Amino acid sequence: SCLDEYSPPAIEPNLTAVKQGPAERFFLNYLKERMNDNFEVLSNIQTEHYFPDGVKVYYYYPDIVLRNKPTGLMIDIEIDEPYVAKTGKPIHCFKDDDDRNYALVEDNWIVLRFTEEQIIRYPDICLAYIRTVCSSILTHKGCDIPMTWEFSQNHWSSYEARQMADSNYRLKYLPKDAHRSVYVPKKSIPANQNTDIVDLPF
C-alpha cells in the first residue's frame with residue numbers, strides 16, 4: 001500500500017532556536033485549531049540526515065511538522081518567501097531546495113511546499129490540500145495526489161525574486177503588523193539574468 005512506503009523517520013524535538021516568519025506563526029496556529037486529534041502540529045523540529053559515508057551528519061529545520069499519531073507519518077510543511085526580510089536576498093528560487101527535499105524524502109518524510117502568499121491569502125485552500133494528501137496516504141488509496149490547483153503560482157527565478165524585493169512585494173499580502181519586520185529599504189538591487197519560470201506544484 002501507499003502508506004507502507006512511509007515508515008516513521010527519526011526526529012529530535014524540543015528545539016527552541018528556529019526562527020519563524022509571520023506566515024509560519026500564523027499557519028502553525030491555524031493548523032493547531034483545525035487538524036483533528038490524530039495529528040500533532042509541531043514546530044522547532046530538527047531532522048537528522050547522514051551523508052553516504054554514514055558518519056557526517058547534517059540537519060534541516062522544517063517550518064511546520066504534522067505527525068500522524070497512529071502511524072508516525074511525518075509531513076514537512078514549507079512556507080517559501082521570495083526574498084529575505086530587510087536584505088532582499090533571493091531565496092527558495094527554482095531548484096534551490098532540491099537537495100533538501102531529496103534528503104527529507106529519502107528519509108521517509110512527505111514534503112509539501114507552499115508560497116508565503118498562498119498561505120496568507122488562501123489558508124483554507126492550503127489546508128484542504130494538506131488534508132487531501134493525508135487522506136490519500138492514510139486511506140491506502142494510492143499515491144496519485146493532485147499536484148495542481150486553481151491558485152497556483154510560478155516558481156520564481158533569482159531575477160524575479162530581486163524584482164519582488166525591489167518593489168517590497170511581500171507588503172502586498174502580509175498583515176500590516178508584519179510590514180516593519182519584512183520591509184526592504186530602497187536601494188539598487190543587481191539583476192540576475194536567470195529568467196526561467198517553472199510552475200510550482202500547487
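A residue counts as buried when its relative accessible area is under 20%, as exposed when that area is over 50%, and as partly exposed in between. D107 has a relative accessible area of 31%, so it is partly exposed. The model described here is a predicted one.

**The chain as a whole**

- The chain has 202 residues, and 45% of them count as buried.
- Six helices and nine strands make up its list of secondary structure elements.
- Among contacts in the chain with a separation of 6 or more, 70% are between residues 24 or more positions apart.

**Helices α1 and α4**

- Helix α1 covers residues 22–34 and helix α4 covers residues 123–138; their axes come within 11 Å and cross at roughly 60 degrees.
- An angle counts as roughly parallel under 35 degrees and as roughly perpendicular from 65 to 115; the crossing at roughly 60 degrees therefore makes α1 oblique to α4.
- The crossing of these two helices, α1 and α4, is right-handed.
- On the α1 side, the contact is made by F26, F27, Y30, L31 and R34.
- On the α4 side, the residues in the contact are P123, D124, C126, L127, I130 and R131.
- By type, the residues in the contact of α1 with α4 are eight nonpolar and three charged, with no polar ones.

**Helix α5 and what follows it**

- Helix α5 runs over residues 158–166, and its buried residues are S158, E160, A161, M164 and A165.
- Viewed down the axis of α5, these buried residues fall within an arc of 160 degrees, so they line one face of the helix.
- The cover over the buried residues of α5 includes β8, which spans 154–155.
- Y159 also lies in helix α5.
- Y159 and C93 are 66 residues apart along the chain, and their C-alpha atoms are separated by 9.2 Å.
- N168 follows α5 and has a positive phi, near 50 degrees.

**The loop between α2 and β7**

- D107 lies 60 residues from T47 in sequence, while the two are 9.4 Å apart in space, C-alpha to C-alpha.
- N108 is also placed in this loop, with α2 at 98–106 and β7 at 109–115.
- The relative accessibility of N108 is 22%, so N108 counts as partly exposed.
- The phi of N108 is positive, about 75 degrees, although N108 is not a glycine.

**The loop between β2 and β3**

- N44 is in the loop between β2, residues 39–42, and β3, residues 46–50.
- Its phi is near 55 degrees, which is a positive value in a residue other than glycine.

**Helix α6**

- H179 is in helix α6, which takes in residues 179–182.
- Relative accessibility is 22% for H179, and therefore H179 counts as partly exposed.
- Apart from its neighbours within four places in sequence, H179 is in contact with L171 and L174.
- A85 is 94 residues from H179 along the chain, and the C-alpha atoms of the two are separated by 9.6 Å.

Notes: Residues are numbered from 1 along each chain as its sequence is written. This is a predicted model: local features need pLDDT of at least 70, side-chain atom pairs count only at pLDDT 80 or more; totals for chains, interfaces and linings use all residues. Side-chain values use heavy atoms; hydrogens and water are left out. Buried means under 20% relative accessible area, exposed over 50%, partly exposed in between (1.4 Å probe, protein chains only). Helices (H or I, at least four residues) and strands (E, at least two) are DSSP runs, numbered from the N terminus. The arc is that of the directions from the helix axis to the C-beta atoms. Contact means heavy atoms within 4.5 Å. Axes are lines fitted to C-alpha atoms, for helices over the stretch in contact, and angles run from 0 to 180 degrees between N-to-C directions. Angles under 35 degrees count as roughly parallel, over 145 as roughly antiparallel, 65 to 115 as roughly perpendicular and the rest as oblique. A crossing is left-handed if the near helix is turned anticlockwise from the far one by less than a right angle, and right-handed if clockwise. Ala, Val, Leu, Ile, Met, Phe, Trp, Tyr, Cys and Pro count as nonpolar, Asp, Glu, Lys and Arg as charged, and the others, Gly among them, as polar.
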